[in-house]
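Dear colleague,

My notes on it follow.

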Amino acid sequence: ANLASGVILGALKKLGGMLLDFGKDAVEAGKAFGAAMSQVAATMGVPVRQVRELQEFAKEMGATTAFSAEEAAQGLNTLAQAGLSAKEQMAALPDTLNLAAAGTLSLESAAAYVTGSIKGFKDEMANAQYYTDLIAMGATMANTSVAGLGEALSRGAATANGYGQSAESLTLSLLRLAEQNLEGEAASTALNRAMADLYTPTEAARKALE
């Protein structure tokens, strides 16, 4: 009986310790999340009470994605740093998280690729999935990575849009360059130069093209 009582008492103590640790972890996680949301508010230049909707959205993302609520809040802050409104942040965050997970990217990199591509083509954040699909699916079609194609697409978007090229056309061109071992910033630099030479050629180049 004494042995059984000792075993039970030991188990209860162990359970109590586990519950205490769990409680401490929950408190720390709550503090970290609160700090992350305070940073979002600071980035946007508004009081914390004005980001309650974003706060609830970050919690939802933490419950339904592979990322925690704190990480979702950090993603919102990255999007806020890119100048996105609260509505735009909520439109872009789910696809940004998906891209980060698909390419094992940091949230900062994924956000930069998404916002850079969308802004370059002067599109709306509501269409974020279109660009993340181009990057994630395109990377499986050539000798490049999600990071390599994402960086190239975001850096080349504004130039391509200026010359009337579509996102699909730019992506296909970047995939062809990837087959020649040009990706990332090197690919966007090469393609931007090629577009400039083709669309605004020097007199000598114009004659050669003719």
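The protein has 10 helices and zero strands, so its order along the sequence reads α-α-α-α-α-α-α-α-α-α. Please keep in mind that this is a predicted model.

Overall figures

Of the 210 residues in the protein, 36% are buried. The exposed surface comes to about 11700 Å², and carbon and sulfur atoms account for 55% of that area. For contacts between residues at least 6 apart in sequence, 59% link residues at least 24 apart.

Helices H6 and H8

Helix H6 covers residues 128-138 and helix H8 covers residues 167-178; their axes come within 11 Å and cross at roughly 20 degrees. Because angles under 35 degrees count as roughly parallel, H6 is roughly parallel to H8. The crossing of the two helices is right-handed. On the H6 side, the contact is formed by Tyr130, Tyr131, Leu134 and Gly138. H8 contributes Ala167, Glu168, Thr171 and Leu175. Sorted by class, the contact of H6 with H8 consists of five nonpolar residues, two polar ones and one charged one.

Serine 188

Serine 188 sits in helix H9, which spans residues 184-199. Its relative accessible area is 3%, so Serine 188 counts as buried, the cut-off being under 20%. Leaving aside residues up to four places away in sequence, Serine 188 touches Ala152, Arg155, Gly156 and Leu174.

Regards

Notes. Residues numbered from 1 in each chain as written. Predicted model: local features only at pLDDT ≥ 70, side-chain atom pairs only at ≥ 80, totals over all residues. Heavy atoms only, no water. Helix = DSSP H or I, 4+ residues; strand = E, 2+ residues; numbered from the N terminus. Buried < 20%, exposed > 50% of the residue type's maximum accessible area, 1.4 Å probe, protein only. Contact = heavy atoms within 4.5 Å. Areas by Shrake-Rupley, 256 points an atom, 1.4 Å probe, with all protein chains shown as cover. Axes fitted to C-alpha atoms, helices over the stretch in contact; angles between N-to-C directions. Parallel < 35°, antiparallel > 145°, perpendicular 65-115°, else oblique. Left-handed = near helix turned anticlockwise from the far one by under 90°. Nonpolar A, V, L, I, M, F, W, Y, C, P; charged D, E, K, R; others polar.
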